[in-house]
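Welcome! Please work through the exercises below with the structure open beside you, trying each task before you read its solution.

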Amino acid sequence: MIADGVEDEEKWLAAGIAGLQQNAFYMHRALDSNNLRDALKYSAQMLSELRTSKLSPHKYYELYMRAFDELRKLEMFFKEETRRGCSIIDLYELVLHAGNILPRLYLLCTVGSVYIKSKEAPAKDVLKDLVEMCRGIQHPVRGLFLRSYLSQVSRDKLPDIGSEYEGDADTVMDAVEFVLQNFTEMNKLWVRMQHQGPAREKEKREKGRNELRDLVGKNLHVLSQIEGVDLDMYKDTVLPRVLEQVVNCKDELAQFYLMDCIIQVFPDEYHLQTLEVLLSACPQLQPSVDIKTVLSRLMERLSNYAASSAEVLPEFLQVEAFSKLNNAIGKVIEAQVDMPIFGAVALYSSLLTFTLHVHPDRLDYADQVLGACVKKLSSKGKLEDSRATKQIVALLSAPLEKYNDVVTALKLSNYPRVMEYLDNETNKIMATVIIQSIIKNKTHISTSDKVEALFELIRGLIKDLDGNHEEVDEDDFKEEQYSVARLIQMLHNDDPEEMYKIICTVRRHVMTGGPKRLPSTVPPLVFSSLKLIRRLQGQDEGQDENPFGDESLTTPKKIFQLLNQTIEVLSTVPAPELAFRLYLQCAEAANDSDLEPVAYEFFTQAYILYEEEISDSKAQVTALHLIIGTLQRMHVFGVENRDTLTHKATGYSAKLLKKPDQCRAVYGCAHLFWVDDQDNMKDGERVLICLKRALRIANAAQQMSNVTRGSTGSITLFVEILNKYLYFFEKGNPQVTAASVQSLIELITTEMQSDSSTPDPAADAFFASTLRYIQFQKQKGGAIGERYEAIKV
C-alpha cells in the first residue's frame, strides 16, 4: 500500500515536472522574442503546476525549486522590459489578469520585486500589498511555499538602515512589520498542516511539517539580519510579537522549534537583556514541549557569551541572570509534573554550567543548584534511569572541570548528597572521575577533614555499597584500585601531626574494603606511613623497651604500632606474601630509626608468616632471599637478637625442597656474617662454614643427578660458589685463602672434564668469564693484584 502511494507520487511529480518544463520552454521562446503577453501566459501555465495537492512536502519542494529557477529568469526579463520603457505599474496591473490565484500571486511577487527595485513606489506599500494579497492562498503547503518565495525575493529590498530603499516614507519599522506579518501567517499555515487529511496519516503529516519548519524559521533569521532592529525595538516589538505567536499557536512542534530559533538567531546580549520576557513564555508552552532542551540551549549560549569576555560579566549581575534562570527552571519543573527525572537533572546541569561560567566565585550559587537537584531527587531514591545517571555525572563533573580542584568541590555541602542518588556502578564511575581530576591537576589535599570528605565521596571504590557483591570485570576492578592507591600516595602535609591524622583517616576507610581491595590499598598506606617515619627520624624516640611507644605525640613508635595492626589485617585476608614483604620494609625503617625492639618484632612477624603461611617452594625461595637481603642491611640489632634471626635464616635455607635452592640460600647466608661497613659483623669463620656447606650441598645435588639421570648435571652451582669465594677473598676475609680458591677452580675443571658431566655452554661461559676476571685482577696490580698472584688459572 505504502509502496503504491510512493509510486503514484513519483508519477505525479514526473507529470508536474514535465508540464512545468514544457511551459517553461514556450516561456523562454517568448522571452527571447520579447513577447511579454506570451511570456506571462506560459509562465502562468507553468506556475499552475504548483496548484497540485497530490505531492508530499518533500516532493512539492522539488517541483517548487524548478519553478523558482524559472521565475528568476522571468524577473530578469521584467527588469529588461522596464529599462526598455515598459511601465512597471502597467506590468504590475497586467499580471493581475492571470486566471488562477496561485500563478497570479507568484507573478505579482516577481513583478513586485522589480517594482520595489525601480523605486517608483515606496517599498512599504508594495510589501504591504503583497503580504496582504498572499492571504488568498490558505492551503497550508501551497501557502507556505508562496510566502517563502515572497520572503526570498524581498529580503534584500527591505527598508533597513543603510539600505538604498530607506527613505522618508520607508522606515525600519515597516520592514519589521512586513516580516512579522509574513511570519505570523506562515506559522498559522504550518500549524494548520496537521489537520489536513485523515487521522491515520497524522504521523506522515508531522514528518512533512518537520521538513518544512525552516521555511517558517527563515523569517526570524531575516529579522535578526535587519540592521535597524536594535535592542529597544527587539524588546518592545519583535520579541513580544514573536512570543505571542509562539504561545498562541498551542502546537508542540511549532513551539519547540520557534523557541529554539529565537535562541539561536538573535544576539546573546539581546537574550540577556530580555531574559525575563523570554523565560516568562516557558511555563505557558504546551506540557509536551521539550522545554528542558530549549532552556539548556539558552543557558549554553549565555555561558559561552560570559566566557567570551570578562567585560560582559557585569551585565549578567545587572540583570540578575542567575536568579531569573533559577526561578524559571523551578517553575517549569513544578508546572510539568510529568517531566522525567533526567530532564530535570539536565536543566540543573545546564544551570550549574551557566553559574560556574558567570559566577565562578559564588560557590553558594553552585551549592544552591545542587541543593535544588537534591530536593527533586529526594522523592525518587536510587536512580535506575541510565539517562538520569549520565546527567548527574555531567552535573557533578562540571565543578571539577571548572575549578580543576576537588578541594573546591568539597566545599559544596550538597555535592555528596547528590552522589547518594547514583546507583552503585555510576557511583564508582563518578568516584573514578574525581580521582582522575586529582591526579591530573596534582591537587594538594592536606587536611584530615578534607581527606575524610573526599573518601566519603569515593567510597564506592573503597568498599561494597549497600552489601553489593555483584561480579565485576577483573581488569576494571584492578584499574579502580590502582587509582585509589595513587590517590593515597598523593595525600601530604608537612606537619607530622596532621599527616598522621590523614593516615589514620585513610586507614579507617580502606580497612572496610574487604579481602579483594586490601592487597591494593594497604601497600600505599604503609609506604605513606614509612615516608612520615623517615621525616620524623632524629626526634627523641625515648628509651622505652616496649616495641610500640606512648600515645602523646606522633612518633615513629606510634606509627609502627599502627602499621603492625594494619599489616596484621592484611595477613589474614589472606595475602601472606604481601604482608611478609611489608613486614620486612617496616623492619628496615625501624632499623633506620634505631628502634631495635620494633625491628625485631617485625622480623618475628615475617618469620611467623614464612613458617605458617608460605608453603609454595618458589615463594619460599623468594621470601628467604628477601629475609637474607633485609637482615644483611640491619645494623640496629645486638648480638643476641642478630644471632637468633641469623640462625633462623640459615635453618630455613637448609630446609628448602630443592638442592640447588638450598645451595644458593646457604651461600647467600654467608653475607649475614660479613658486612663491609661494620667491623663487629665480620665473622670470617662462619662465612667459610656457609660456603663449605654450600659446596657440600652442590656436590650432593650432583650425586643425586647422577643417580636419577645418569649424569652429574651442570657445574653452574660450583661456579656461583667460586664467585662468592672471590667476593669474600677480595673483601679480605682471612678464612678465604688463595689455596681454597685454587682448589675450587681445580675441582670445577675436573668436573668439566668428567665423562659423566652434562655439557652446558652457559655454565662453561660463566666459568670462562670468572677466570678472565681473575686474570684481569692480576694484571691490575696493587694490593688486590698481589693477592690474586697466588691463584693459578
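**Exercise 1.** In which helix is the place of Ser-350?

Solution. Before we start, note that this is a predicted model, where local features need pLDDT of at least 70, side-chain atom pairs count only at pLDDT 80 or more, and totals for chains, interfaces and linings use all residues. Residues are numbered from 1 along each chain as its sequence is written, and side-chain values use heavy atoms, with hydrogens and water left out.

Step 1: Ser-350 belongs to helix 17, residues 341–358. Helices are DSSP runs of H or I with at least four residues, numbered from the N terminus.
Step 2: with a relative accessible area of 16%, Ser-350 is buried. The cut-offs are under 20% for buried, over 50% for exposed and in between for partly exposed (1.4 Å probe, protein chains only).
Step 3: leaving aside residues up to four places away in sequence, Ser-350 touches Ser-296 and Met-299. Contact here means heavy atoms within 4.5 Å.

**Exercise 2.** Find the salt bridge of Glu-10 and describe both partners.

Solution. Step 1: recall the rule, a side-chain nitrogen of Lys or Arg within 4 Å of a carboxyl oxygen of Asp or Glu. By this rule the count comes to 26 salt bridges.
Step 2: the partner of Glu-10 is Lys-59, and their closest N and O atoms are 2.7 Å apart. This pair links distant parts of the chain, since Glu-10 lies in helix 1 (residues 2–32) and Lys-59 in helix 3 (residues 57–83), 49 residues apart.
Step 3: check the surroundings. Glu-10 is partly exposed at 38% relative accessibility, whereas Lys-59 is buried at 15%.

**Exercise 3.** Look at the salt bridges of Arg-83 and Glu-611.

Solution. Step 1: Arg-83 meets Glu-80 at 2.8 Å, N to O. Both residues lie in helix 3, three residues apart, or about one turn of the helix.
Step 2: Arg-83 is exposed, with a relative accessible area of 62%, and Glu-80 is partly exposed, with 36%.
Step 3: Glu-611 meets Lys-648 at 3.1 Å, N to O. Glu-611 is in helix 30 (residues 596–612) and Lys-648 in helix 32 (residues 639–654), so this bridge ties together parts that are 37 residues apart in sequence.
Step 4: for a network of salt bridges, turn to Glu-132, Arg-135 and Glu-185, which are linked in one.

**Exercise 4.** How many aromatic pairs does a search of the whole structure find?

Solution. Step 1: the search finds 26 aromatic pairs. Rings of Phe, Tyr and Trp (its six-membered ring) pair if their centres lie within 6.5 Å; planes under 30 degrees apart count as stacked, over 60 as edge-to-face and the rest as tilted.
Step 2: Trp-190 and Tyr-257 form an edge-to-face pair, 5.9 Å centre to centre with 75 degrees between the planes. Both Trp-190 and Tyr-257 are buried.
Step 3: Phe-322 and Tyr-365 are stacked, because their ring centres are 4.2 Å apart and their planes at 10 degrees. Both Phe-322 and Tyr-365 are buried too.

**Exercise 5.** Which charged end sits over the ring of Tyr-365?

Solution. Step 1: apply the rule that NZ of Lys or CZ of Arg is within 6 Å of the ring centre and within 35 degrees of the ring normal.
Step 2: the charged end is that of Arg-362, 4.1 Å from the centre of the Tyr-365 ring.

Technical notes. Helix = DSSP H or I, 4+ residues; strand = E, 2+ residues; numbered from the N terminus.
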